[in-house]
Amino acid sequence: MNIGLDYDDTITRDPAMWLSVISTMQNAGHKVYIVTWRTKEECAEIPRDVLLMVDGTHPTSRKAKEKYMYNQGVRIDVWIDDNPSAILYTMQGHEE
């Protein structure tokens with residue numbers, strides 16, 4: 001199973017807990033990807049230990065996360081996000 005996990009206001013609310021959850025999911029054979037509205041440059045602020053834990057980090061530059069991941073060739077089966085609308089919708093002002 002591929003799991004899309006948001007960073008801001010999701011992982012950042014309790015990083016230690018999420019690192020444990022990520023480890024548990026991976027030990028069960030699942031892949032965990034950070035999928036964030038951040039830009040590539042903004043991802044430089046994400047702690048290295050978090051980046052090293054996941055199977056990939058995907059900055060969408062405020063684009064709809066589901067479409068972005070589809071275009072990357074990654075199908076996300078389960079989304080975990082404090083802002084579910086970010087999965088389907090691009091942030092206003094960042095439309096294509």
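**Entry 1: ground rules**

I am working on a predicted model, so I take local features only at pLDDT of at least 70 and side-chain atom pairs only at pLDDT 80 or more, while totals for chains, interfaces and linings use all residues. I count residues from 1 along each chain as its sequence is written, and I use heavy atoms for side-chain values, with hydrogens and water left out.

**Entry 2: the sheet**

I took helices (H or I, at least four residues) and strands (E, at least two) as DSSP runs, numbered from the N terminus. I called two strands paired if DSSP finds at least two bridges between them. On that basis I found an open sheet of four strands, in the order β3-β2-β1-β4, with parallel pairing. β3 and β4 are the edge strands; each has a single partner strand, so one side of each lacks a neighbour in the sheet.

I then went through two of the pairings. β2 (residues 31-36) runs parallel to β3 (residues 56-59), with four bridges. Between them the chain passes through helix α2 (residues 48-53), and this β-α-β crossover is right-handed. I used this test: with the strands pointing away from the viewer, the path from the first strand over the helix to the second runs clockwise. β1 and β2 are also parallel, over four bridges. Leu 5 has Ile 34 in β2 as its bridge partner.

**Entry 3: salt bridges around Arg 38**

I required a side-chain nitrogen of Lys or Arg within 4 Å of a carboxyl oxygen of Asp or Glu. The count by this rule is six salt bridges. One of them joins Asp 8 to Arg 38, with the closest N and O atoms 2.8 Å apart. Asp 8 sits in the loop between β1 (2-5) and α1 (15-27), and Arg 38 in the loop between β2 and α2, so the pair ties together parts 30 residues apart in sequence.

I checked accessibility next: buried is under 20% relative accessible area, exposed is over 50%, and partly exposed lies in between (1.4 Å probe, protein chains only). Arg 38 is buried at 12%. Asp 8 is partly exposed at 29%. Arg 38 also meets Glu 45 in a salt bridge of 3.5 Å, N to O. Glu 45 is exposed, at 60%.

**Entry 4: Lys 65 and Asp 81**

I found these two in a salt bridge, with the closest N and O atoms 2.5 Å apart. Lys 65 lies in helix α3 (residues 65-71) and Asp 81 in the loop between β4 (78-80) and α4 (85-88), so this pair links parts 16 residues apart in sequence. Both Lys 65 and Asp 81 are buried. Shared partners join Asp 6, Lys 65 and Asp 81 into one salt-bridge network.

**Entry 5: Asp 82**

I placed Asp 82 in the loop between β4 and α4. Asp 82 is partly exposed at 37%. What does Asp 82 contact, leaving aside neighbours within four places in sequence? With contact set at heavy atoms within 4.5 Å, I listed Asp 6, Asp 8, Asp 9, Thr 10 and Arg 13. The C-alpha atoms of Asp 82 and Asp 9 are 6.4 Å apart, across 73 residues of chain.
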